[in-house]
Structures are given as C-alpha cells and as structure tokens.
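Hi,

Here is the model I promised to pass on.

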Amino acid sequence: MKNNPTTQIWIQLQVNNNNESENEIPNTKVTRDNVFDYVIKGINDSDGDASLIRFQEPTYEANSDRWFIVATNKSGVGTTYKIYVDNTGHVTIYEGVNDNV
C-alpha cells in the first residue's frame with residue numbers, strides 16, 4: 001500500500017468581478033460549490049486531464065477542515081485517487097492508496 005502523495009498543488013482561483021483587478025487573487029474559501037474548481041484546476045495544472053476522471057461527491061471533514069473526494073478513471077481501469085482540498089485551496093492527490101475507499 002502506497003502512502004505517498006503523487007501531487008501536492010497550491011491553487012488559488014482568480015475571481016473576476018467589478019471590485020477587483022484581474023491581477024488580484026481574492027481570499028476565496030473552499031466550499032461545496034467551488035471545491036471541484038480547485039480539484040480540476042489542480043489536476044489539469046499538473047499535466048493531468050480531469051476530463052478522464054470520474055469524481056464522487058465531496059465530503060467535508062470538519063475535524064481536519066478539508067474536503068475529501070474519491071475519484072477513479074472513467075475507463076474503469078487503473079487506480080483510485082483520494083483528493084483532499086484544504087480551506088486555503090491546497091490540493092493533495094494520493095494515487096492508489098487503497099482501492100477499497
């Protein structure tokens with residue numbers, strides 16, 4: 001059983017609205033509504049392809065203040081991914097840790 005993260009990414013999404021310039025990054029809290037934005041950006045920015053991955057519903061872990069998502073390849077072949085997104089947008093992806101998640 002592996003226990004090493006394959007990817008750790010710090011993601012900050014830029015929200016463009018009338019009150020901010022395009023170069024500013026707001027303090028955006030990770031929520032159920034935007035957690036997949038962080039995950040998809042994290043995967044795609046690390047040379048992955050999020051369109052090839054099937055995601056389960058995210059769950060919030062209050063004790064660690066982070067979101068948890070289980071994902072698999074859409075092809076049904078390959079590994080299981082455990083994806084954690086903390087409240088600051090830091091994405092950690094574990095690959096093949098435990099296929100019985």
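Below is what turned up, starting with charged pairs and moving on to rings and strands.

Some housekeeping first: this is a predicted model, so local features need pLDDT of at least 70 and side-chain atom pairs count only at pLDDT 80 or more, while totals for chains, interfaces and linings use all residues. Residues are numbered from 1 along each chain as its sequence is written, and side-chain values use heavy atoms, with hydrogens and water left out.

On to the charges. Searching the whole structure gives three salt bridges (a side-chain nitrogen of Lys or Arg within 4 Å of a carboxyl oxygen of Asp or Glu). One of them joins Arg32 to Glu57, at 2.4 Å from N to O. This pair links distant parts of the chain, 25 residues apart: Arg32 is in the loop between strand E1 (5-10) and helix H1 (35-45), and Glu57 is in the loop between strand E2 (53-55) and strand E3 (59-61). Arg32 is partly exposed at 36% relative accessibility, whereas Glu57 is exposed at 56%. The cut-offs there are under 20% relative accessible area for buried, over 50% for exposed and partly exposed in between (1.4 Å probe, protein chains only).

Another salt bridge, between Asp45 and Lys41, has an N to O distance of 2.7 Å. Both residues belong to helix H1 and are four residues apart, about one turn of the helix. Lys41 is partly exposed, with 32% relative accessibility. Then there is Arg66 with Glu61, where the closest N and O atoms are 3.0 Å apart. Arg66 counts as partly exposed at 28%, and so does Glu61 at 22%.

For a pair, ring centres of Phe, Tyr or Trp (its six-membered ring) lie within 6.5 Å; planes under 30 degrees apart are stacked, over 60 edge-to-face and the rest tilted. Tyr60 and Trp67 are tilted because their planes are at 55 degrees, with centres 5.1 Å apart. Of these two, Tyr60 is partly exposed at 40% relative accessibility and Trp67 is buried at 12%. Phe68 and Tyr84 make another tilted pair, 5.0 Å centre to centre with 35 degrees between the planes. Phe68 comes from strand E4 (residues 66-73) and Tyr84 from strand E5 (residues 80-86), 16 residues apart. Together with Tyr94 they form one aromatic cluster.

Finally, the strands. E4 and E5 pair antiparallel over seven bridges (strands pair if DSSP finds at least two bridges between them). Thr72 is opposite Thr80 in E5. The two strands form a hairpin with six residues between them, and Gly76 in the turn has a positive phi of about 85 degrees. E5 also runs antiparallel to strand E6 (residues 90-95), joined by five bridges, with Ile83 partnered by Ile93 in E6. That hairpin has three residues between its strands, and Gly89 in the turn has a positive phi of about 100 degrees. E5 itself is mostly covered, with six of its seven residues buried.

Cheers
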